[in-house]
Structure formats: C-alpha cells, structure tokens
Amino acid sequence: MRTIRYAEYYDKVLGGWIGKCVGGNIGAEVENNKYLMDFDKSEIFPEKIPPNDDLDLQILWLQVLETTGIRLRSRDLAEAWQKHCWYPFNEYGYFLHNFERHIEPPVSGTYNNQYFSQSMGSPIRSEIWGMIAAGYSSLAMDYAYKDATLDHDTESVWGEQLFAAMEAEAFFEQDINRLIDYGLERIPADSELRRCILYVRELHASGASWQEARERMLAAFGHPDASKAVQNLGITILALLYGGGDFERTQLIALNCGYDTDCTCATAGALLGIMYGASLLPEEWKQQARDTFTIGIDVVRPTNRITDLAVDTCRV
C-alpha cells in the first residue's frame, strides 16, 4: 500500500489547483485561435481573473461531493448541473436540453449531440476526480465516466478518464512518460486518442521541434472545430513532453499551439502542479494566480481563495 502524508497531499492538491487556474487564466484570452502563436510570458497574464468553465463545473462537483457524499451517481451531477449551471452552448446546451426532457446519462451525452459529443467539455473536468482518489486511478476513472457521459461519448469520455488516471497517479509519480504510459493502458487500444498520443510521442522522440510536431499532429488528427478533444489532448501531451517538466515552458508551448488554449494550458498546468506540488512551482507563476478564482455559475464557496479550495478538496 502506498501512503502520503497530509502536508504533501495538500501541497499537491494546491499545486494542481494553482496550475489549473493559472493555465485557464492565460489561455482564456486567445481560446479557439487556430494559428501558431509566439507569446512570451510578458504578454499573457490577464489584468482581471476571468471565470472559466474548466473550473466552474469542478467547483460544482465539489459541492455535490460535500452534500451528496462520495457515492454519487451521474444523476446527482446532472441534477446539480441543471440547478446551478446556466451554460447553453455546444455540448453543455445539448446536455441540458436532453436532461430537461428526461433523457438520462449516459444517453444525455449522445442523443442529438453528434457534432459536440467528442469535444473538450469533459476532459477539462478530470482534476477533481484525480485529487480525491490519489493513487487510486480506477476509482478516479469511475468518477470521470459518471461525469463525462453527461454531455459526451467515446473519445471525450476516454480523454477525461485518461487525465483522471494520470492525475491520480501523479501523487506518486513524477516521470511524465510513465504517467502517459499509465494513462494509455487504460483507454481503448483502437481509439483515435491513443493513436494521436502515440504519434506525438514518436514525433518528440524523433527530434522534431514542437512546432513541427504540432503541424504534423494537426494534419493527421485535426478538426475544423477548435474544441474537438483529440487534437487538444494531443496538444496537451505535446506541451508536457516538450516542456520537459519545466512549468513555464510547458505553459508557453500549450498556449502558443492555439486551439482550445484555456483547456490545454489548464490541464498541463494542473498535472505538473500535482506532480511537483505548490511548493515547487515557480514563484512568479504562483503570484500570477493571486490565490484567487472566479466563478461564472450559480455556486458560492465559503471563500474564493485557491488555498481554501485545496483544503476543501482534501477534506472530501
């Protein structure tokens, strides 16, 4: 059995939420830009911290865990979403439309949702499950499935499960390649997502630049919709590999690759934050997070401090 001291557990949860918040903050300004960009860190931090759906729904899931308990069902999440989250766009809107007509999960993620059912809305919600199931990836994946099937199917569901498994394991593992291997073992061998990630790893191993790897990955797996999951998960893995464990470099690569930038930066930042803990994240980047998050849906936390969010997550 693996064990972890509370102080280390808290530090890693806090690091994950800081990475999630700062990545979402820098990515929100250029989200859905499909061009290769060339930002440096002097240009990317917003003056005002924006709300972000990447975090909003996970804060709602934390509230469900606190009120319903850890033995939650997909329906518990669905009812909380219907009550507290107004988002009408893309897969979120199709879920609400379906659930209000008594179409239950997992069918609520697929019915009449052909275009958006494999988008990024669910892979971005993985962190809460990895954090509450530290070292217990199968449990994290079970939670991720209950979540992802509200509004998605196949590649997007597997994407959230892959990240949840990697994040649960990251409490005990700091080698990004081992974490990728661990995640890949837990998604279907014939999935497009798995083929994309393996292709990105091949390009990285071949010595291709990250810009070339991005271009070739998008040529093979790209989609006109900037929010499609496979290409964005490919960008996240690309940034993690080419970032080489350096938080700043990883964030800048994810940002400059474009597409669903608030998602790719946030997930890459969260994973590194869990791996290393808040205490080892660059001080400049931690300061940019301002120990503050903003909520865009009808959920109120006791405070809007990231440090308190980490305490509450650990308590669950």
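A crossing of two helices is called left-handed if the near helix is turned anticlockwise from the far one by less than a right angle, and right-handed if clockwise. By that convention, α11 passes α13 in a right-handed crossing; helices here are DSSP runs of H or I with at least four residues, numbered from the N terminus. The contact (heavy atoms within 4.5 Å) is made by N232, I235, T236 and L240 of α11 together with T264, T267, A268, L271 and L272 of α13. Sorted by class, these residues comprise five nonpolar, four polar and no charged, where Ala, Val, Leu, Ile, Met, Phe, Trp, Tyr, Cys and Pro count as nonpolar, Asp, Glu, Lys and Arg as charged, and the others, Gly among them, as polar.

The model is predicted, so local features need pLDDT of at least 70 and side-chain atom pairs count only at pLDDT 80 or more, while totals for chains, interfaces and linings use all residues. Residues are numbered from 1 along each chain as its sequence is written, and side-chain values use heavy atoms, with hydrogens and water left out.

Leaving aside neighbours within four places in sequence, W81 touches L57, L60, W61, Y92, F95, L96, R125, L150 and D151.

W81 also takes part in a helix pair: R75, A78, E79, W81 and Q82 in α3 meet Y92, F95, L96 and F99 in α4. This contact has six nonpolar, one polar and two charged residues. Helix α4 is mostly covered, with seven of its ten residues buried, and these buried residues pack against α2 (53-68) and α3.

The loop between α4 and α5 (127-132) holds P106, and the peptide bond from P105 to P106 is cis, with omega near 10°. H102 lies in the loop between α4 and α5 as well. Although not a glycine, H102 has a positive phi of about 65°; H102 is exposed, with a relative accessible area of 68%.

Note on methods
Helices (H or I, at least four residues) and strands (E, at least two) are DSSP runs, numbered from the N terminus. Buried means under 20% relative accessible area, exposed over 50%, partly exposed in between (1.4 Å probe, protein chains only).
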